[in-house]
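Try each one before you read its solution.

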2 protein chains.
Amino acid sequence: MLQHLRPNIRAMAGYVPGEQPRDGVVLKLNTNENPYPPSPRVLAAVQRVLHEDRLRKYPDPIGRQFCQAAGRALNVDPDAILIGNGSDDILTILTRAFVPEGGLMASPSPSYILYRTLAEIQGARFQCVPFTPDWQLQKPWPVHGAHLTLLPNPNSPSGTSIALPDLERFADEIGGPLLLDEAYVDFADHDSLPLLNRGNVVITRTLSKSYSLAGIRFGFAVADPALVRECIKVKDSYNCDVLSLAAATAAMEDQDYRLSTRARILATRVRLTAALQQLGFTVTPSQANFVWCRRADRPLKPLYEELKRRLILVRYMSYEGYGDGLRITVGTDEEIDRLLAELRQLV
Amino acid sequence: MLQHLRPNIRAMAGYVPGEQPRDGVVLKLNTNENPYPPSPRVLAAVQRVLHEDRLRKYPDPIGRQFCQAAGRALNVDPDAILIGNGSDDILTILTRAFVPEGGLMASPSPSYILYRTLAEIQGARFQCVPFTPDWQLQKPWPVHGAHLTLLPNPNSPSGTSIALPDLERFADEIGGPLLLDEAYVDFADHDSLPLLNRGNVVITRTLSKSYSLAGIRFGFAVADPALVRECIKVKDSYNCDVLSLAAATAAMEDQDYRLSTRARILATRVRLTAALQQLGFTVTPSQANFVWCRRADRPLKPLYEELKRRLILVRYMSYEGYGDGLRITVGTDEEIDRLLAELRQLV
């Protein structure tokens with residue numbers, strides 16, 4: 001059977017997501033989950049579905065209620081919203097919509113390593129362009145004719161954000177479809193919604209981070225309604241389930257709650273950044289719910305491993321031609337205190 | 001932006017799923033949902049997740065607990081199970097794993113119309129081969145070198161099933177990957193699990209029908225563990241959410257409940273079939289939770305529309321070179337009585 005697989009699938013290694021230990025003992029600061037629970041309205045909404053005998057029926061294929069809630073929250077046309085089974089699903093849909101086999105995808109680097117995997121699955125080429133040392137986009141951008149260019153903003157692992165005027169110039173320069181992955185934008189000081197009128201920009205969002213809903217798999221795109229209609233042809237008919245739709249809609253309708261957890265995370269981010277700097281780390285100022293820290297004086301893999309032995313998981317990352325670092329999720333104050341106490345013993 | 005879309009995406013019409021009216025007044029006999037609620041264990045399992053603060057954390061990417069439950073229920077290796085966000089997700093994963101752009105997919109006809117859509121999204125050619133008049137596969141099968149051959153067994157809309165020896169010969173004859181879509185197999189008198197050792201067979205299942213869980217979007221494949229490992233590279237990392245995984249696992253662990261609703265549906269199927277025949281319909285003996293009925297004396301679209309006006313939805317289907325028919329889901333006895341009362345007035 002394996003000999004019948006497409007060669008690009010055989011050849012690829014596959015994306016390895018961050019570790020997900022099943023026990024509750026490990027302190028998880030490795031996959032940028034929100035340390036606070038979702039809005040109480042989310043649980044109430046899921047309960048309602050359970051009591052209404054709706055599990056046995058197919059969900060709404062386009063998630064009209066969610067689109068209306070998101071439209072209100074973001075002040076955009078509900079028809080500009082495309083629902084996804086996590087923003088991974090949205091990334092897959094957009095890849096399949098724009099990129100032919102043998103096509104070209106491009107992204108800055110170091111950045112979200114899943115993008116290369118998306119290209120490998122599609123049988124497309126992937127070109128990455130190093131960020132400048134201060135995490136800006138190269139000018140001029142050296143890739144021409146990409147079928148899809150992907151830019152996380154804020155970026156992972158750096159947590160940095162490209163300013164709106166620079167993004168505008170970038171969108172105009174590349175001309176082709178530009179996917180702005182705003183997974184972390186709710187922790188930043190600006191978003192890219194004003195760019196939607198450029199014609200070649202699609203924005204993706206997730207409920208995994210700022211809405212504390214990584215478990216339910218819900219993301220969405222904001223784009224020209226004409227493009228949303230085309231993407232609906234590409235997605236699985238019922239890509240979002242009835243419980244996730246109810247949870248996501250309730251979360252979107254409780255913006256006050258999101259803003260309250262955001263405020264707590266931003267306050268802890270300030271503390272974490274300062275404490276890491278005091279311990280001798282170089283910390284990039286973050287616009288996300290994680291910080292990226294490095295050290296010139298030592299490799300960081302042993303530190304990552306020692307933390308893991310002490311039941312604290314952070315994300316160790318090493319990029320060819322760039323070097324390594326630790327990406328640390330901003331947890332609660334108590335969680336960050338536990339991390340810092342261990343780090344003080346170790347460095 | 002639209003000019004940047006792949007031409008195959010622009011050109012395709014898109015799959016149109018069965019209507020999903022949002023109100024509770026309409027009697028839905030059009031999308032083969034189960035008329036009985038899921039096992040009570042399913043609701044308890046979802047409640048447990050809600051109380052355990054697990055929504056904010058990513059789910060298990062490979063759904064180990066579900067795989068173990070399915071392995072026990074089907075008496076297969078848990079590593080032979082691939083989890084999917086509905087069996088649609090599984091069909092998409094297998095298409096992307098086997099079929100290159102410009103490749104060939106094949107299926108009998110009339111059959112599940114989504115298969116052509118999968119080919120269109122992938123940019124592949126699609127060839128369908130008419131069933132024989134008694135719903136058997138053509139011998140010899142006229143398509144050679146398909147990258148993926150898809151066969152629903154039982155088939156939709158006919159509800160008919162190919163016998164195991166014929167399937168065995170078919171798998172050997174085509175040689176390439178054969179996807180046996182067993183969405184309806186729990187209502188049939190045999191399944192194809194004995195064929196898994198043929199080397200080129202993958203079986204797909206869904207929890208939408210026999211487990212009353214269309215709303216949670218959960219399906220799976222049973223295949224050689226080596227193929228499952230390759231497909232894990234193709235799927236979205238976290239393609240199944242924590243609530244669906246809990247629900248699906250609980251449902252799989254309650255086989256007694258599934259068998260009890262199966263028995264009720266099979267009894268109603270007998271009644272529905274006999275009553276439709278009495279009303280002058282030609283009804284194909286069904287191995288699924290629906291029946292396919294036709295009439296030589298009149299076109300069926302007006303009847304479908306009149307039923308819809310009377311708030312009963314069935315699925316009207318018309319296939320080029322074959323003709324039309326109504327696919328009617330086996331509901332509860334009360335629901336079928338309501339349908340039959342209307343039909344008695346109309347024919």
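**Exercise 1.** Which residue in S8(B) does Ile81(B) stand opposite?

*Solution.* Keep in mind that this is a predicted model. Start with the strands: S2 (residues 81–84) of chain B runs antiparallel to S8(B), and four bridges join the two. Now go to Ile81(B): across from it in S8(B) sits Val222(B).

**Exercise 2.** Find the bridge partner of Ile203(B) in S8(B).

*Solution.* Strand S7 (residues 201–206) of chain B also pairs with S8(B), in the antiparallel sense and over four bridges. Look along S8(B) and you'll land on Val222(B), the bridge partner of Ile203(B).

**Exercise 3.** Which residues of S8 (residues 219–222) of chain B point one way, and which the other?

*Solution.* In a regular strand, side chains alternate between the two faces of the sheet. Here Gly219(B) and Ala221(B) go one way, while Phe220(B) and Val222(B) go the other. All of these are buried.

**Exercise 4.** Work out how chain A and chain B are related.

*Solution.* Superpose chain A on chain B: that takes a rotation of 180° with 0.0 Å of shift along the axis, and the RMSD is 0.0 Å. The two copies are therefore related as by a two-fold rotation axis. In chain A, the residue closest to that axis is Glu101(A), at 3.1 Å (C-alpha). Finally, 100% of the interface residues of chain A are interface residues in chain B too, so the copies meet through the same surface.

**Exercise 5.** Check chain A against a compact globule.

*Solution.* For 347 residues, a compact globule would have a radius of gyration near 20 Å; chain A has 20 Å, so the two agree. Buried residues make up 53% of the chain A residues.

Methods
Residues are numbered from 1 along each chain as its sequence is written. Chains are lettered from A and ligands numbered from 1 in the order in which they are written. This is a predicted model: local features need pLDDT of at least 70, side-chain atom pairs count only at pLDDT 80 or more; totals for chains, interfaces and linings use all residues. Copies are superposed by least squares on the C-alpha atoms of residues with pLDDT of at least 70 in both. Two residues are in contact if their C-beta atoms, placed from the backbone, lie within 7 Å. A residue is buried if 20 or more other C-beta atoms lie within 10 Å of its own, exposed if 12 or fewer, and partly exposed in between; C-beta atoms are placed from the backbone. Two strands pair if DSSP finds at least two bridges between them. The radius of gyration is taken over C-alpha atoms; the globule rule is 2.2 Å times the number of residues to the power 0.38.
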